[in-house]
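Keep the sequence and the 3D view open while reading.

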Amino acid sequence: MNKKINSTMDKLVSLCKRRGYIFQSSEIYGGINSCWDYGPLGVELKNNIKELWWKSMVYEHDNIEGLDSSILMHPIIWKASGHIDGFTDPLVDCKKCKNRFKATDLEGNVCPLCGGELTEARQFNLMFKTFMGPVEDEANIVYLRPETAQGIYVNFLNVLNSSRNKIPFGIAQIGKAFRNEITPGNFIFRTREFEQMEMQYFVKPGTDDEWLEKWKENRMNWYHKLGLKKEKLSFHMHDKDELAHYAKEAYDIQYEFPFGRQELEGIHNRTDFDLSRHKKYSGKNIQYYDVAAKEKYIPYVIETSAGCDRTLLTCLVDAYDEEEERVVLRLSPLLAPIKVAVFPLVKRDGMPEIAVKIYNNLKMNIKAFYDDSGSIGRRYRRQDEAGTPFALTVDSETIENNTITLRERDSMNQIRISLDKIDRIIKEKINIY
Ligand code: ATP
């Protein structure tokens with residue numbers, strides 16, 4: 001990592017800890033590599049991202065249904081999906097310093113840390129294994145799912161029959177996935193435990209290319225809606241040698257991180273690979289019957305697979321800004337963990353009582369925050385760093401004429417609004433309900 005990368009990422013990591021976004025997991029025991037905990041603001045941001053994704057998939061599309069499948073599944077699923085045989089990365093060891101690397105991350109064939117000689121690459125399976133029940137033998141091995149997609153495929157018939165959908169239709173799921181990555185890193189960019197937001201769209205073979213294009217556009221628009229800088233987002237088309245074993249055509253949505261342009265989401269044409277394999281391994285007739293056309297077929301699948309943690313990191317990186325006098329997280333009001341902070345200018349003259357009343361009223365609908373300690377300037381700065389888009393301050397004029405100061409985080413502009421308009425104005429500005 002060069003110095004600039006280090007400094008941007010280091011500053012973000014430190015802000016995340018200071019403001020309660022993200023903490024190193026098991027920190028009091030020295031931490032555990034690549035695992036992170038979301039603090040009070042982090043969990044709000046994550047929930048907002050998941051809610052926006054869920055709404056954009058399940059609520060906005062009449063033909064997309066939700067699902068929450070289990071993490072532990074029948075081990076044959078991973079044989080059928082190709083993960084037991086093929087979900088591997090090439091691993092090399094340094095003979096001198098004993099460090100391990102993913103061969104495809106290296107430029108030459110010497111150790112990047114000590115210059116030592118490397119072993120031949122061997123394939124390392126990324127799935128975590130554990131045992132189901134009290135006996136730890138081969139017959140009881142189960143896997144922590146490395147993707148949520150398979151839970152969707154094996155429920156294809158259940159969802160189809162219970163929801164009475166017709167093709168094309170989709171199934172959306174948000175959930176944890178686990179990969180024993182050889183080289184996790186860049187904060188929460190690559191971890192061994194992470195959350196995915198995946199949607200599998202089942203289509204008639206022959207219409208798959210068209211649907212892939214539609215979903216590419218839909219997904220890029222979603223990132224624009226989050227307020228991410230458009231010039232930092234782009235598509236990357238997979239070359240033949242990059243394509244996963246199941247894919248006919250694939251694109252990544254990439255973002256320009258401080259450590260380089262990297263994948264944020266994968267959009268894949270998975271063909272009928274997964275459903276055909278489950279048909280073969282389960283012996284069940286996983287097919288779709290098109291009543292109008294009187295034909296049976298195994299649908300093709302267009303997958304949109306986004307990382308929730310990676311989206312969250314992207315939102316933080318994109319929002320981080322330093323000015324001479326302050327650090328500010330310019331998160332979209334849709335994403336901001338706290339939407340509005342309420343302050344009394346001073347702790348006397350009846351100001352705290354009015355401020356508490358306003359706060360109690362606001363918090364019934366949105367995440368609000370009350371603070372009466374320290375100078376007003378410091379209170380504004382703390383909320384700027386936390387990404388809070390609006391602040392309301394009760395002062396002596398409030399007592400005289402029932403108006404209050406509304407300060408906007410980005411411009412630092414202050415306007416006066418009357419107390420009875422607070423709800424409407426804040427709602428309009430956040431634009432969520
Ligand atoms: P990469 O090439 O970065 O390893 P991938 O192509 O294996 O990713 P997919 O299998 O397409 O990733 O997974 C879909 C999404 O899940 C990714 O775009 C990313 O946002 C997220 N994701 C995958 N692996 C990880 C990880 N180890 N940590 C955090 N998020 C991940």
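In which sense do strand β22 and β23 pair, and over how many bridges? They pair in the antiparallel sense, over five bridges. This is a predicted model.

**Overall build**

- The protein chain has 433 residues, and 35% of them count as buried.
- Its secondary structure comprises 13 helices and 23 strands.
- The C-alpha trace spans about 75 × 65 × 50 Å along its principal axes.
- Among contacts in the chain with a separation of 6 or more, 62% come from residues 24 or more positions apart.

**The seven-stranded sheet**

- Seven strands make an open sheet, ordered β3-β9-β10-β16-β13-β12-β11. Its pairing is mixed.
- The edge strands are β3 (64-67) and β11 (233-237), and each pairs on one side only.
- From one strand to the next, the twist averages 25°.
- Within this sheet, strand β12 (residues 249-257) runs antiparallel to β13, and nine bridges join the two.
- Glu-249 has Asn-269 in β13 as its bridge partner.

- Strand β21 (residues 390-394) pairs with β22 in the antiparallel sense, over four bridges.
- Ala-391 stands opposite Arg-407 in β22. Arg-407 in turn has Gln-414 of β23 as its bridge partner.

**The β22-β23 hairpin**

- β22 (residues 403-408) and β23 form a hairpin with five residues between them.
- Met-412 sits in the turn and has a positive phi of about 65°.
- Several pairs can be traced across the two strands. Leu-406 has Ile-415 in β23 as its bridge partner. Thr-403 stands opposite Ser-418 in β23.
- Strands of a sheet pair through backbone hydrogen bonds, either parallel or antiparallel.
- Why does strand β23 lie largely in the open? The number of buried residues among its five (residues 414-418) is zero, so β23 lies largely in the open.

**Helix α11**

- Which residues of helix α11 (residues 376-386) are buried? Tyr-380, Gln-383, Asp-384 and Ala-386 are.
- Seen down the axis of α11, these buried residues fall within an arc of 165°, so they line one face of the helix.
- Gly-377 and Arg-378, on the other side of α11, are exposed.
- An α-helix has 3.6 residues a turn, so residues three or four places apart point the same way.
- Gly-387 follows α11 and has a positive phi, near 90°.

**The ligand shell**

- How many residues surround the ligand? There are 16, and the closest are Phe-194, Gly-266, Ser-305, Gly-307 and Arg-310.
- Four elements each supply at least two residues of the shell: β10 (193-203), β13 (260-271), β16 (300-307) and α9 (308-319).
- Which element gives the most to the shell? β13 does, with four residues.
- Three of the contributing elements, β10, β13 and β16, are strands of the seven-stranded sheet.
- By class, the shell has eight charged, five polar and three nonpolar residues.

Note on methods. Residues are numbered from 1 along each chain as its sequence is written. This is a predicted model: local features need pLDDT of at least 70, side-chain atom pairs count only at pLDDT 80 or more; totals for chains, interfaces and linings use all residues. A residue is near a molecule or strand if its C-beta atom, placed from the backbone, lies within 6 Å of it. Ala, Val, Leu, Ile, Met, Phe, Trp, Tyr, Cys and Pro count as nonpolar, Asp, Glu, Lys and Arg as charged, and the others, Gly among them, as polar. A residue is buried if 20 or more other C-beta atoms lie within 10 Å of its own, exposed if 12 or fewer, and partly exposed in between; C-beta atoms are placed from the backbone. Two strands pair if DSSP finds at least two bridges between them. Two residues are in contact if their C-beta atoms, placed from the backbone, lie within 7 Å. Axes are lines fitted to C-alpha atoms, for helices over the stretch in contact, and angles run from 0 to 180 degrees between N-to-C directions. The arc is that of the directions from the helix axis to the C-beta atoms.
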